[in-house]
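The exercises below go through one protein chain step by step, each with a worked solution. Try each task on the displayed structure before reading on.

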Amino acid sequence: MRKVSGTVTCSDPSRTIPENSVISVSVVDCSLACAPSIQCGKQEITGVTSFPFNYSFEFNDGTIDERYIGEYAVAVRIVTDGKLSFINDTNFSLKDNQTNEIKESLDVFVIPIN
């Protein structure tokens, strides 16, 4: 098992998170072209109403193929009343390009869905 943590920030700092939202932060394998990402680990967070907020969870690093380490990313989705309200629109890779190792800390930016 390996731990990843970081901060989630919104591109629009004036936005808030509705009280009844469910935040999903996941480590995903994006290596398969034209196929859905495969989830390697996930944390669900409730009760957060403002940005920025922190996340921290363990994921199964045994599922990571070292040959494709650059294809693993952290993804954030915030759902309110069953509807997507925020998502990251940029790939936040777990690969540290200087060391070719998996990052232990990764900050993610999300955008509002209107």
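**Exercise 1. Are Phe51 and Phe86 buried or exposed, and how are their rings arranged?**

Solution. Both Phe51 and Phe86 are buried, where buried stands for under 20% relative accessible area, exposed for over 50% and partly exposed for what lies in between, with a 1.4 Å probe and protein chains only. The model is a predicted one, in which local features need pLDDT of at least 70 and side-chain atom pairs count only at pLDDT 80 or more, whereas totals for chains, interfaces and linings use all residues. Residues are numbered from 1 along each chain as its sequence is written, and side-chain values use heavy atoms, with hydrogens and water left out.

Next, take the rings: those of Phe, Tyr and Trp (its six-membered ring) pair if their centres lie within 6.5 Å, and the planes count as stacked under 30 degrees apart, as edge-to-face over 60 and as tilted for the rest. A search of the whole structure gives 4 aromatic pairs. One of them joins Phe51 to Phe86 in an edge-to-face arrangement, 5.1 Å centre to centre with 65 degrees between the planes. This pair links distant parts of the chain, since Phe51 sits in the loop between strand 3 (38–46) and strand 4 (53–59), while Phe86 belongs to strand 6 (residues 83–87), 35 residues apart. Ring pairs also bring in Phe53, so that Phe51, Phe53 and Phe86 form a cluster.

**Exercise 2. Describe the aromatic pair of Tyr55 and Phe57.**

Solution. The rings of Tyr55 and Phe57 are tilted, with 6.2 Å from centre to centre and 45 degrees between the planes. Tyr55 counts as buried because its relative accessible area is 2%, and Phe57, at 7%, is buried as well.

**Exercise 3. Which residues form a salt bridge?**

Solution. Start from the rule, which asks for a side-chain nitrogen of Lys or Arg within 4 Å of a carboxyl oxygen of Asp or Glu. By this rule the count is 1 salt bridge. It is formed by Glu44 and Lys42, whose closest N and O atoms are 3.1 Å apart. As for accessibility, Glu44 is exposed at 51%, whereas Lys42 is partly exposed at 38%.

**Exercise 4. What lines the largest pocket?**

Solution. A pocket is found on a 1 Å grid over the protein atoms alone, as an open set of points where a 1.4 Å probe fits, with protein on both sides within 12 Å along at least five of seven lines, and its lining residues have an atom within 4 Å of a point. The lining of the largest pocket comprises 16 residues, of which Val28, Ala75, Val76, Arg77 and Asn88 lie nearest its centre. Strand 2 (21–29) and strand 5 (72–80) each supply at least two residues of this lining, and the largest share, 5 residues, comes from strand 5.

**Exercise 5. How many helices and strands does the chain have?**

Solution. Helices (H or I, at least four residues) and strands (E, at least two) are DSSP runs numbered from the N terminus, and the chain has 0 helices and 10 strands. Buried residues make up 35% of its 114 residues, and the C-alpha atoms fill a box of roughly 40 × 30 × 20 Å along the principal axes. Finally, Gly62 is in the loop between strand 4 and strand 5 and counts as exposed, because its relative accessibility is 63%.
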